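Trainee: I've got a model open and I'd like to talk it through with you. Can we start with the aromatic rings and then move on to the sheet?

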Amino acid sequence: MNRRDILRALGAAAAAGALAPADVLARTAHRTPRIAGRLKLSVSRWCYGKIPIDDLCEAAKAIGFRSIELLDEADWGVPRGHGLVCAMANGFGTIPVGFNRLDQHDKLVADAERMIPKAAAAGVPNIVCFSGNRGGMSDGEGIANCITGFKRITPVAERHGVTLCLELLNSKVDHHDYQADHTAFGVEVVKGVGSPRLKLLYDIYHMQIMEGDVIATIRANIQHIAHFHTGGVPGRHEIDDTQELNYRRVMQAIADLGFAGYVAQEFVPVRDPLTSLRQSFEICDV
């Protein structure tokens, strides 16, 4: 299932018992709203599909988050109504079908040329993009094809000031056969395109599974990274001491590099979602 499918399923499951606005806000009302520290922190919408989006915006703002992200076009303006931004839009293409396929480029380019100006007008700074699955393709061919495709749309992104973010995903657990499953693949694509408007979405959860050594990798490649996602390993749940990464130390390393983009929580909570969301903020607020 992709993010949209999961969000639809969660929304349907919650139709009879979604949290009321008062229930959501009561959990954060006793706290003093504050602005995050050196990092701009965001929340991935699809992980909190049982909470109505307006209520999620208010709860996230009360905690100190600055963004609700991975929204479809119809919802881009909702965070702005709550004094937040949508730091990352759901993009064009899908995880299995992306820029490594030459026969997909015309459609991807057409979708990008339509979406990028709209994202800019809505104040959305980033759009997520995907390599697609290997399907027997070599990494060399996949990199070359991605470069060819992205070169066709980065001029539009440059004109509108929107950054396209190629997401790094694991092919071991969650997205079998996905091609951009190592940092080196993504870096070669970004270097080959040579545009300030193509960067990486470095998903810490996915790259811990594939590579480990995340702090050293981030330090070596920070100039190519526009955005981060979190998630506990294993399981993609809370980022506390139930999993193997020291997320506070990872966040300190990112902040020490002067990173100016957003870091988004993209874990699926197994406990009370707003309690876990507040805990994640406290861990990452460095």
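Trainee: How many aromatic pairs does the structure hold?

Mentor: Keep in mind that this is a predicted model. The count of aromatic pairs the structure holds comes to six.

Trainee: What kind of aromatic pair do Tyr-48 and Phe-267 form?

Mentor: Tyr-48 sits in the loop between β1 and α3 and Phe-267 in the loop between β7 and α10, so the pair ties together parts 219 residues apart in sequence. Their centres are 6.4 Å apart. Planes over 60 degrees apart count as edge-to-face, and here the angle between the planes is 80°, which makes the pair edge-to-face.

Trainee: And Phe-150, is that buried or exposed?

Mentor: Phe-150 lies in helix α5, and its partner Phe-99 in the loop between β2 and α4. The two rings have their centres 4.0 Å apart and their planes at 20°, so they are stacked. Buried means under 20% relative accessible area; with 0%, Phe-150 counts as buried.

Trainee: Which residues form one aromatic cluster?

Mentor: Two of them are the stacked rings Phe-99 and Phe-150. With one further member, the cluster is Phe-92, Phe-99 and Phe-150.

Trainee: On to the sheet: which strands stand at the edges?

Mentor: Seven strands form an open sheet with parallel pairing, in the order β2-β1-β7-β6-β5-β4-β3. Each edge strand has a single partner, so one side of it is left without a neighbour in the sheet; the two are β2 and β3.

Conventions: Residues are numbered from 1 along each chain as its sequence is written. This is a predicted model: local features need pLDDT of at least 70, side-chain atom pairs count only at pLDDT 80 or more; totals for chains, interfaces and linings use all residues. Side-chain values use heavy atoms; hydrogens and water are left out. Two strands pair if DSSP finds at least two bridges between them. Helices (H or I, at least four residues) and strands (E, at least two) are DSSP runs, numbered from the N terminus. Rings of Phe, Tyr and Trp (its six-membered ring) pair if their centres lie within 6.5 Å; planes under 30 degrees apart count as stacked, over 60 as edge-to-face and the rest as tilted. Buried means under 20% relative accessible area, exposed over 50%, partly exposed in between (1.4 Å probe, protein chains only).
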